[in-house]
Amino acid sequence: MASELSSHLELGSSLTVPNVQELASAIAPSEIPERYFRPEAETRLVDSIDDDELPVIDLMKLVDPELFDKEELSRLGLACREWGFFQLINHGVTKEMIEKTKNDIMGFFKLPLKEKDAFKQLPGQIEGYGQMFVHSEEQKLDWADMLTLVTKPHQDMRFWPINPSSFRDTIDKYTLKIENVVDCLYRLMAKDLGIDPQVMLKNLSMQMQSIRINYYPPCKQANKVLGLSPHSDGIALTVLLQANDVKGLQIKKNDKWLLVKPKPGAFIVNIGDMLEIMTNGKYKSVEHRAIINMEEARLSIATFHLPNIDVILRPFLELINGDGELYKTISVKEYTKEYFSRKLNGKSALESMKLKKKGG
Ligand code: OGA
Ligand code: NI
């Protein structure tokens with residue numbers, strides 16, 4: 001299944017590009033190679049959002065029958081429909097587990113390049129340490145190194161770091177907890193959407209899961225480079241944890257880039273393309289990107305969830321309404337192939353799935 005995703009579909013980058021952490025430490029501030037210059041990263045486009053502007057959802061108020069708050073459910077629905085993003089607090093994943101996860105991740109990225117390279121991606125594959133979405137020699141490059149691992153179903157462990165020695169165990173435990181949180185969110189979303197939770201979970205909860213740990217080295221000319229190109233996530237649901245206190249995630253709202261300021265211990269959750277398709281556009285998969293800090297490295301861990309490879313993506317019947325189906329019917333496998341065949345480029349994969357509205 002997932003091994004099929006990474007091994008046989010040739011989903012990864014076909015070209016190898018420099019390690020950015022190494023490059024950043026080797027060059028003078030004025031020497032950034034041309035391929036990393038991104039005039040569109042200019043910060044003047046950026047507005048900051050106030051802490052409480054991005055919806056904050058308190059999971060405790062939704063799962064504890066004694067605390068259940070109907071308004072909180074409406075806020076969740078609104079966040080998924082209008083923002084495509086929210087912060088999740090009181091999610092039940094302990095502080096200790098989050099700290100352990102952060103520490104082990106940092107432990108890996110602090111290792112000398114030679115040690116990290118033992119877990120390097122193979123050409124055309126997505127798992128392992130390296131970059132993604134590089135398909136041509138001319139393409140602009142992102143200022144980041146990544147470690148991608150499939151966590152469910154388990155792959156052969158060759159790309160899983162063995163140093164720190166607790167890394168595997170930590171990531172296993174962390175991702176299992178995240179999976180539980182995600183199942184819980186799916187149930188709540190079903191409630192908000194007015195669909196049977198069993199129908200929602202049928203395709204989503206026997207899901208596949210993978211992680212991407214993003215390492216963004218600092219750059220003296222931070223506003224000339226981009227950590228991660230604008231994109232929407234090509235899966236169903238993402239849970240992101242910032243592994244240190246450096247901010248950098250921006251989301252597109254009303255054509256402006258807004259900087260997300262995570263609350264301590266919060267997860268940033270976002271709707272992916274597949275959930276937009278399955279909700280017939282009711283929930284939005286929103287474009288986002290990562291910017292770079294001048295002084296400090298930034299680290300994040302994104303946990304991606306998607307239905308099994310053979311599932312056919314199509315809107316839930318209850319959500320088709322008068323609009324008809326707004327998206328082409330496509331399998332998870334085909335959509336994934338389509339997504340990875342492109343460079344990260346806004347919502348281009350999702351846009352290609354939209355059906356023209358009748359009479360529109
Ligand atoms: C991603 C992503 C943002 C970040 O990995 O898909 O959007 O802040 N990451 O690292
Ligand atoms: Ni993303």
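This report covers the ligand site and several local features of a predicted model.

Local features need pLDDT of at least 70, side-chain atom pairs count only at pLDDT 80 or more, and totals for chains, interfaces and linings use all residues. Residues are numbered from 1 along each chain as its sequence is written, chains are lettered from A and ligands numbered from 1 in the order in which they are written, and side-chain values use heavy atoms, with hydrogens and water left out.

## The ligand site

Ligand 1 is surrounded by 13 residues. A residue counts as near if one of its heavy atoms lies within 4 Å of the molecule. The closest are Arg-212, Tyr-216, His-288, Arg-298 and Ser-300. By class, the shell holds 6 nonpolar, 4 polar and 3 charged residues. Here Ala, Val, Leu, Ile, Met, Phe, Trp, Tyr, Cys and Pro count as nonpolar, Asp, Glu, Lys and Arg as charged, and the others, Gly among them, as polar.

| Residue | Distance to a ligand 1 oxygen atom |
|---|---|
| Tyr-216 | 2.6 Å |
| Asp-233 | 3.3 Å |
| Ser-300 | 2.6 Å |

Taken alone, ligand 1 exposes 290 Å², and the protein buries 99% of that. Accessible areas come from the Shrake-Rupley method with a 1.4 Å probe; for residues, only the protein chains shown count as cover.

Ligand 1 sits in the second largest cavity. A cavity is a set of points, on a 1 Å grid over the protein atoms alone, where a 1.4 Å probe fits but cannot get out. To sit in one, a molecule needs more than half of its atoms within 2 Å of its grid points.

Strand 13 gives the most, with 4 residues. Helices (H or I, at least four residues) and strands (E, at least two) are DSSP runs, numbered from the N terminus.

The loop between strand 5 (145-152) and helix 7 holds Pro-153. Pro-164 lies in the loop between strand 5 and helix 7 as well. A cis peptide bond joins Lys-152 and Pro-153, with omega about -10 degrees. Another cis bond joins Asn-163 and Pro-164, with omega about -5 degrees.

Asp-169 belongs to helix 7 (residues 167-193). Its side chain makes a polar contact with the side chain of Lys-173 (2.9 Å). Asp-169 and Thr-101 are 68 residues apart along the chain, and their C-alpha atoms are separated by 9.7 Å. Asp-169 counts as partly exposed because its relative accessibility is 40%. Buried means under 20% relative accessible area, exposed over 50%, and partly exposed in between (1.4 Å probe, protein chains only).

## Other local features

Asn-90 has phi near 50 degrees, a positive value in a residue other than glycine. Asn-90 lies in the loop between strand 3 (85-89) and helix 5 (95-109). At 41% relative accessibility, Asn-90 is partly exposed.

Asn-280 also has positive phi, near 55 degrees. Its loop runs between helix 9 (273-278) and strand 12 (288-290). Asn-280 is buried, at 2% relative accessible area.

Ser-331 is part of strand 15 (residues 330-331). Ser-331 is buried, with a relative accessible area of 17%. The side chain of Ser-331 reaches the backbone nitrogen of Glu-334 at 3.1 Å.

Key: A polar contact is a pair of N or O atoms within 3.5 Å; within protein, one must be able to donate a hydrogen and the other to accept it, and residues adjacent in sequence count only if both atoms are side-chain atoms. On a 1 Å grid over the protein atoms alone, a cavity is a set of points where a 1.4 Å probe fits but cannot get out, and a pocket is an open set with protein on both sides within 12 Å along at least five of seven lines; lining residues have an atom within 4 Å of a point.
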